[in-house]
Amino acid sequence: MNQWKNFSKGFIKDNPVFVLLLGLCPTLAVTSSAINGLGMGLATTFVLLCSNIVVTLIKDFIPNKVRIPSFIVIIASFVTIVELVMQAYSPALFNALGIFIPLIVVNCLVLGRAEGFASKQGFISSVVDGLGMGIGFTFALTLLGAIREMLGNGSIFDVKFTSGDAILLFVLQPGAFIVLGYLIALINKMKKTS
Amino acid sequence: MEYFAIIIGAIFVSNIVLAQFLGICPFLGVSGRVSTSVGMSGAVLFVMTLATLVTWLIYVYVLVPFGITYLQTISFILVIASLVQMVEIILKKISPPLYQALGIFLPLITTNCAVLGVALLTQSKNYDLLQGIVFAIANAIGFALAMILFAGLREHLNLMEVPKGMRGVPIALVTAGILAMAFMGFAGLV
C-alpha cells in the first residue's frame, strides 16, 4: 500500500471518530474545551503508536489464542506510562481528563488497530498507520472541543472573543452529543459530494 | 439513607451513559431494538457487579499491601477480561438458556468502558465493599434505563421521515443529546 495513502486515510476518509465511530466515550466526555481535546488526542496517539510498534514487532511470537489478552497488557503498560508522566508534568490536564486516562485501555480504537492492522502488517506500515490514525483522532477531538468551547464559552484555547454570555448548554453533556451528531452529518455530506 | 443517595445519584443524577459518557459504544451499537438492549443490560449488570467485587478485593488485599497501586489499570483490565471469559464458560455449562440470552453480548463487554470505569470510580470515591457493590448495581440499572429508553426512541425514529444526511448515527446522537438534556433535570436532586 502506498504509505502516504496509508497515513492520510485517518484524517477524513477513515477518520476514527467521524467515520469509523471508534473511541466515542473519550470523544464525548473530554471535549468540553479545545485544549482538553488536544491533550486527550495526543495521549491516545502516543499509546496507539507505541502499542502498534510493539504488537507488530512481537506478532510472530504470540500464540494466536492468547493474542487479545497480550495486546491488552501491552496497551495497559503504555497507558500506565502516560498516566504517570501526565500526573508528574501536567497535573491540571491530568485532573481535567480524570478517569478517561486509564480508560484509554478500553478505547476500541487502540485495540482495533492492534488487532486489525498491526498484527498483520509490517513495521513501517504499522508506524505510519498508528501516527495517521492518532493524528486523525486528535484532529477530531480538537475540532469538537473547539466548536463546543466556541459556542458554550465564547473562546478558543482559552482566548476569549466575546464579552457577552454564550450558550452554556454546549459545554454540558447534551452539547457533546448534539455537536458530534451534526459534525458527522456534515462529514457524510462532504464525502458524498467529493 | 447513605445507600439511597448512592443509588439515586448513580441512576439519575450522574447517569453513567448520559452524564459520564461511559459505555457509549454499546449504547449506540446495540440499541437498535428494545429486546437486544435488554439482553445487553442484563449482561452488563452481571459483569459489572462481579467485576467491582473482585477488583475491590484485589485493590485492598493485594495492591495496597504491596504498595503497587500504580498497577491498578493493568490489573483491573486483566481481571475483567478473564472474568468475562470465565463467566462465559460457566454460564455455558450450568445455564444454557441464560447463555443463549446473554452469550453474544459477553465478549463485547471486555471493551465496554463502563465496567472498568465503575471499578475505577469505586476506588476513587473510597467506597467500602458494600457501598461499592450497591454503586455497581445502581450504575448497571442506570445503564439499563438509558439503554432501554434510547432503544424505544430509536424504534420510533425508524418510522420517521428523517432528512437524508441525518439518517442513522447523526440523528441518534442528537436524540441522545435531547435525552441527556432531560436527565439534566435531575441535577441537584441528591
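Helix α8 (residues 129–157) of chain B packs against helix α9 (residues 169–184) of chain B at an angle of about 135°, and their axes are 11 Å apart; helices here are DSSP runs of H or I with at least four residues, strands are runs of E with at least two, and both are numbered from the N terminus. Axes are lines fitted to C-alpha atoms, for helices over the stretch in contact, and angles run from 0 to 180 degrees between N-to-C directions. This is a predicted model, in which local features need pLDDT of at least 70 and side-chain atom pairs count only at pLDDT 80 or more, while totals for chains, interfaces and linings use all residues. Residues are numbered from 1 along each chain as its sequence is written, and chains are lettered from A and ligands numbered from 1 in the order in which they are written.

**Helices α8 and α9 of chain B**

- The angle of about 135° makes α8(B) oblique to α9(B), given that angles under 35 degrees count as roughly parallel, over 145 as roughly antiparallel, 65 to 115 as roughly perpendicular and the rest as oblique.
- α8(B) and α9(B) meet in a right-handed crossing (right-handed if the near helix is turned clockwise from the far one by less than a right angle, left-handed if anticlockwise).
- On the α8(B) side the contact is made by Leu149(B), Phe150(B), Leu153(B), Arg154(B) and Leu157(B), and on the α9(B) side by Ile171(B), Ala172(B), Thr175(B), Ala176(B) and Leu179(B), where two residues are in contact if their C-beta atoms, placed from the backbone, lie within 7 Å.
- The residues of this contact divide into 8 nonpolar, 1 polar and 1 charged (Ala, Val, Leu, Ile, Met, Phe, Trp, Tyr, Cys and Pro count as nonpolar, Asp, Glu, Lys and Arg as charged, and the others, Gly among them, as polar).

**Helices α3 and α4 of chain B**

- Helix α3 (residues 34–66) and helix α4 (residues 72–94) of chain B pack at an angle of about 140°, with axes 10 Å apart, which makes α3(B) oblique to α4(B).
- The crossing of α3(B) past α4(B) is right-handed, and the residues that make the contact include Phe46(B) and Leu50(B) of α3(B) and Phe76(B) and Leu83(B) of α4(B).
- The contact of α3(B) with α4(B) comprises 14 nonpolar residues, 3 polar and no charged.

**Ile16 of chain B**

- Ile16(B) sits in the loop between α1 (2–13) and α2 (24–29) of chain B, and it counts as buried because it has 27 C-beta neighbours inside 10 Å (20 or more make a residue buried, 12 or fewer exposed, and numbers in between partly exposed).
- Leaving aside residues up to four places away in sequence, Ile16(B) touches Leu22(B), Gly23(B), Ala114(B), Asn139(B), Gly142(B) and Phe143(B).

**Chain A and its side facing chain B**

- Chain A has 8 helices and 2 strands, which follow one another from the N terminus as α-α-α-α-α-α-α-β-β-α.
- Of the 194 residues of chain A, 46% count as buried.
- In chain A, 74% of the contacts between residues at least 6 apart in sequence join residues at least 24 apart.
- Between the chains, 33 residues of chain A are in contact with 31 residues of chain B, and α8(A) gives the most to the side of chain A that touches chain B, with 11 residues.
- That side of chain A divides into 26 nonpolar, 5 polar and 2 charged residues.
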